[in-house]
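Here is a friendly walk through one protein structure. Please take a moment with the sequence and the model before reading on.

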Amino acid sequence: MLYHFLLRIARADRGRFLSFAALAACSAAALAQSATDAIAEDAATADATTTTWTTIAAEKESFSVSGTQTVRYGANASWITKSVTGSGQCTNTFFGGDPAYGIRKQCQVAGTTETTPPAAQVCTPPVTAASTSGVAPSVGTGTAASCTESALRAAIASHPVVTFNCGATAATIRIAKTIELPTDRNIVIDGGNKVTLDGGATTRIFSAVRANYRTNANTITLQHITLANGKATGTQYVAPDPSNPSCAYGWADGQGGAILVRDVKLRVIDTTFRSNAAATPGPDVGGGAIYAMGSLDVTVVGSTFTGNSGSNSGAVGLLQTNGRFYNSVFQNNVANGTGQNFKGGAATGCPGVGHVDQGGAGGNGGAIGIDGKDDTDVVVCGSSFIGNKANELAGALGRTSNVTARRTTIDRSLFQANTAKSAGAIFVLNSKPLDILATTFSNNVAKGAGAAHLYGSRLNVVNTTFSGNQATAGVGGALMLSASDATGVIRNATFTGNKSTAGLGYFAAAIAGTLNFPVYNTVFANNLTNDGGSPMQCWFTPGTGANDMQWPRNHVVGTAPDTACIGGIVFADPQLGALAANGGPTPTARPSSTSPLRGAGRNCPATDQRGNARNTAQCTIGAVE
């Protein structure tokens, strides 16, 4: 993913400048602890886990595992369990007994799976699952043993709709070699919520690649199925340059741990992607679960992505591809490359991985990364991003629109406890408009731009809450704004309890950067720093707007008056409650019955963040009535 930016930040009261890249470092341990603390603050997000077993070998076959893992040998309800390092044999001798005499046995490896429930049906999706009623099963004859990789390959080669008959219980099909899907016709693969396709942490599960780019309207539909433990292995590696550590290095290929597509549409409906991995490191490689390039559309509906990883875009990577994400959950995905991806500067003269003068080796977009100039709209609606991580930029979602500005819409979604070095939840470049509607950013953590860095975009932020986000070694506890379009607006937003914690020289706990567009009906409450001289909540020059409120009046360190976020803002205690489930799809901070916010807003949106009706002429300041 290409996230090219350069930002310099002023410390006006000291007359010096700091580059964004040179903000004081904090230790990885401290960042991890901050994320842990943030997650602990909301016990409601704690995940249950369950042990799952994936078949890795049949009786008398050899197998291998990564590191040391728990493997069981047997059948039905009779098993012998053993800790195995490296490799082993699926035999009575290796496991020291026969757990199921006279029965064909197998070996399975243990894994831990989060049981996070899928997001609710918040938004009306643009597509629904294909009907498979009346379609005769093409894989399996009624038993788990009959559902094999070869049967699946044959069905895909000959059927437009693939369904399964693997018996009454859930079945796992081990995929030993990537299955090529057709790109010259439509195909539907429906697992009936009983089938898992498992790459065994060695194999990409599906691939569908055409030579063309953004020309093909044929569609692959995956629905009611699980894709787990897929792995894409790179073949084109560029070694680091010892004479210039800034030079790009890593893999130039190895995208799409579960599925790789090019120039074919992809629809993913009620599907789970678990523990898939793309190659790492590398400046452009990514898409732990899905990677699509040059495709007209990728649409994800009601699906769950947990524990996927890649150098960039831990769950989904899109290059020159439109993306739509509805009612889906992205949790604990990781972009584990390092150094970002940049051109020029310290990388001048480098051979690069994708092009000359290229630096960095990834680490952007913990859950989703989107890059390109030919794609158009991106929509995220009714989706949750929880506990994702990027080693560099955009803990949950990153989008770069190259050359021409594009529309990005984030609607009724939750970004919670995501972490990155910069932009704890989202980074968006060159999006016009950038609509952020009825969404909550809570407890996201980064060195700078705790929740989001919005660069060169035209903002339309309405009915949105920023709560408890944190910059640990930089500015912008919640938002960092750079080169914003002056025609943007923030209306009826709530900034509460955000922090910039590093101390002297680290400030703007709510919004860092010039507010060159108006802010209306917005509350800034208890966004705190440990710097007593620079602006505590916002920037050095107040923005314009009306009917806004700010508290406290003075810094909490040194007690000097804080700079007003908006010219003429009212300083008063807004009496906001803690972030909680107050109705609607996302958590909010509700004002008390005696709050001065009530009735103080004017020219209001028709509904609040929860979807409750408002008096448009006179409403409560902030996101919630």
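**Disulfides**

The model is predicted, and it holds 6 disulfides. Counting the bonded cysteines along the chain, the pairing pattern is 1-2, 3-8, 4-5, 6-7, 9-10, 11-12. As a reminder, a disulfide is a covalent bond between the sulfur atoms of two cysteines. Three of these links are set out below.

| Disulfide | S to S distance | Torsion about the S-S bond and hand |
|---|---|---|
| Cys-90 to Cys-107 | 2.3 Å | 115°, right-handed |
| Cys-147 to Cys-166 | 1.9 Å | about -100°, left-handed |
| Cys-604 to Cys-619 | 2.2 Å | about -90°, left-handed |

Let us begin with the disulfide that joins Cys-90 to Cys-107. Cys-90 sits in the loop between β5 (78–89) and α2 (92–95), while Cys-107 belongs to strand β6 (residues 106–114), so this pair ties together parts that are 17 residues apart in sequence. Cys-90 is buried, at a relative accessible area of 0%, and Cys-107 is buried with a relative accessibility of 0%.

Next come Cys-147 and Cys-166, which form a disulfide. Here Cys-147 lies in the loop between β6 and α3 and Cys-166 in the loop between β7 and β8, so the link ties together parts that are 19 residues apart in sequence. Cys-147 is buried at 5% relative accessible area, and Cys-166 counts as buried at 8%.

Cys-604 and Cys-619 also form a disulfide. Since Cys-604 is in the loop between β59 (601–602) and β60 (618–619) and Cys-619 is in strand β60, the pair ties together parts that are 15 residues apart in sequence. Cys-604 is buried, with a relative accessible area of 8%; Cys-619 is buried at 2%.

**Helix α3**

Which residues of helix α3 (residues 149–158) are buried? They are Glu-149, Ala-151, Leu-152, Ala-155 and Ile-156. Viewed down the axis of α3, these buried residues fall within an arc of 160°, so they line one face of the helix. Their packing partners are β7 (161–162), β8 (171–174), β9 (179–180), β10 (187–190), β11 (195–198) and β12 (206–209). On the face of α3 turned away from the buried side are the exposed residues Ser-150, Ala-157 and Ser-158.

**Thr-219**

Thr-219 is found in strand β13 (residues 219–223). Is Thr-219 buried or exposed? Its relative accessibility is 10%, so Thr-219 counts as buried. Apart from neighbours within four places in sequence, Thr-219 contacts Arg-185, Asn-186, Ile-187, Val-264, Lys-265 and Arg-267.

Definitions and conventions
Residues numbered from 1 in each chain as written. Predicted model: local features only at pLDDT ≥ 70, side-chain atom pairs only at ≥ 80, totals over all residues. Heavy atoms only, no water. Buried < 20%, exposed > 50% of the residue type's maximum accessible area, 1.4 Å probe, protein only. Helix = DSSP H or I, 4+ residues; strand = E, 2+ residues; numbered from the N terminus. Arc of directions from axis to C-beta. Contact = heavy atoms within 4.5 Å. Disulfide = S-S within 2.5 Å.
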